[in-house]
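Please read the points below with the model open beside you.

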Amino acid sequence: MGYDEPSSKRPANMVAPASARKPQRRALPTRALLLVLALVAGGYFASQFDSPDPMGALGVIAADPMKAIGSVFAGFGDTAQKGGRGRGGGPAPPVHVALAESRDVPVTVHTIGTVLANSVVTVKSQVDGPLLAAQFREGQMVKEGDLLFKIDPAPFEAALRQSEAQKARDEAQHASAQADADRAVMLADRGIVSAQQRDQLVATAKALAATIDADEAAVDRAKLNLGYTTISSPINGKTGPFIVYPGNQVHANDVAGLVTITQIQPVKITFNLPQGNLPQLQDRMTENGLVAQVTARSDVQGAATALVDKRDMDIPVKIDFIGNTVDARTGTIELRATFDNPDQRLVPGELVDVGVRLGTLKQVTVVPREAVNVGQAGEYVFVLDGDKKAQMRPVKVLFQDQTIAALGSGVEPEETVVTDGQLRLSPGSSVSIVGENPEAKGPAAQATKRPQGTRS
């Protein structure tokens, strides 16, 4: 065992008396109390910061700390009582609203169509030879029968003369052989010429007659080839760029051709609609009332024509074709409409907006499309009662487009629906309506604020 020195012999700094250790144990509660007083003072000062005498508020804290504590907690209670009427006790959420109305709604489906040329022809040469000249400009409108190209005709003119000369020679020989055959027949009847000689001369005359027929065919062929040296337009249309320029040698078997002509008057517009619309389409087609409203698309920002006047740009085009099969990949069916295109505003390959009216819903409740929300139980709308409290109502949407929704149930005309701010609402929560007299704005007024788009 080690030796433990008596405490009487230890240095004084190593043993502290009990009276000296007691103040250290009281230091922690004192600091905590000072911290609480500082927090109370800060809270009270903050609650009185908007007073005209903030320094006076500090004096109150110094004079009566307990009164300051009571004032702070009383201020917290007032704040809780003054809380908003929205969801979770916060302030009433701001919302935009519109007024439901009753009116007829045309059921129109929208999609994107493509303009097709009524006919596209690639002009090719049918004979070989040097291309002498082109009688049109690239991009020029031409009519059927207009001269387009000219190929050197000299070789074909010579071939025609040669065929005509061959025919003339064979005709002369045939005339002589025919005369011999006629005499042989007469002499054979008298017994002067044998039957064998007679038959030989008659056969020679018939062979030369057949040769003349072949010569006539050769002449016609030479005339046809000579005619091919001038190439005319087979249709009315617009020419494309030159594929072969004058001065080059052309051949009858050239695949690319000389130029392409596209018929753009009239044009066809092709588009697809869902197969679910097929019964209505067939009914309207039977009634001869299936018409598409076609609008040229514009990607120019700030175009001269306002969006509200876009309907004036619609072109009514009669639909004259419904496809005979449904595309299994997309579940759609093809439709086509023919447009005369008198001012050539539509160009093959161009994309256009197409709207097809399938029918009309009579006197249904209409709200802005933004008012309809989708939840777990289906579609619903927030409706405001007389106390400006939101009520969540399930609705049945009969039809909707880019601006409005036609409802079959859930909302009555003249009721106020919420169009913006629904995420902060719950059934029974009060709202703060944004805007001046928003209840007077119906779906039509709401729609004019937004550009119209397309919806398939």
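With which residue does R103 form a salt bridge, and how far apart are the closest N and O atoms?

1. The partner of R103 is E101, and the closest N and O atoms of this salt bridge are 2.9 Å apart. A salt bridge here is a side-chain nitrogen of Lys or Arg within 4 Å of a carboxyl oxygen of Asp or Glu. R103 has a relative accessible area of 28% and is partly exposed; E101, at 22%, is partly exposed too. The classes are buried (under 20% relative accessible area), exposed (over 50%) and partly exposed (in between), computed with a 1.4 Å probe on protein chains only.

2. On the source: this is a predicted model, in which local features need pLDDT of at least 70 and side-chain atom pairs count only at pLDDT 80 or more, while totals for chains, interfaces and linings use all residues. Residues are numbered from 1 along each chain as its sequence is written, and side-chain values use heavy atoms, with hydrogens and water left out.

3. The structure holds ten salt bridges, and the R103 pair is one of those described in this note. Side chains of opposite charge can pair when their charged atoms come close.

4. R183 and D180 form another salt bridge, at 2.3 Å from N to O. Both lie in helix α4 (residues 154-190), and because they are three residues apart there, about one helical turn separates them. Helices are DSSP runs (H or I, at least four residues), numbered from the N terminus. R183 is partly exposed at 45% relative accessibility, and D180 is partly exposed at 29%.

5. D343 and R345 are also joined by a salt bridge, with 3.1 Å between the closest N and O atoms. D343 is partly exposed at 44% relative accessibility; R345 is partly exposed at 43%.

6. V219 sits in helix α5 (residues 195-227). Its relative accessibility is 7%, so V219 counts as buried. Leaving aside residues up to four places away in sequence, V219 touches L160, S163, E164 and K167, where contact means heavy atoms within 4.5 Å. Between V219 and Q166 there are 9.1 Å from C-alpha to C-alpha, although the two are 53 residues apart in sequence.

7. P279 belongs to helix α6 (residues 278-286). Is P279 buried or partly exposed? With a relative accessible area of 44%, P279 is partly exposed. The C-alpha atoms of P279 and L358 are 9.6 Å apart, and 79 residues separate the two along the chain.

Technical notes
Helices (H or I, at least four residues) and strands (E, at least two) are DSSP runs, numbered from the N terminus.
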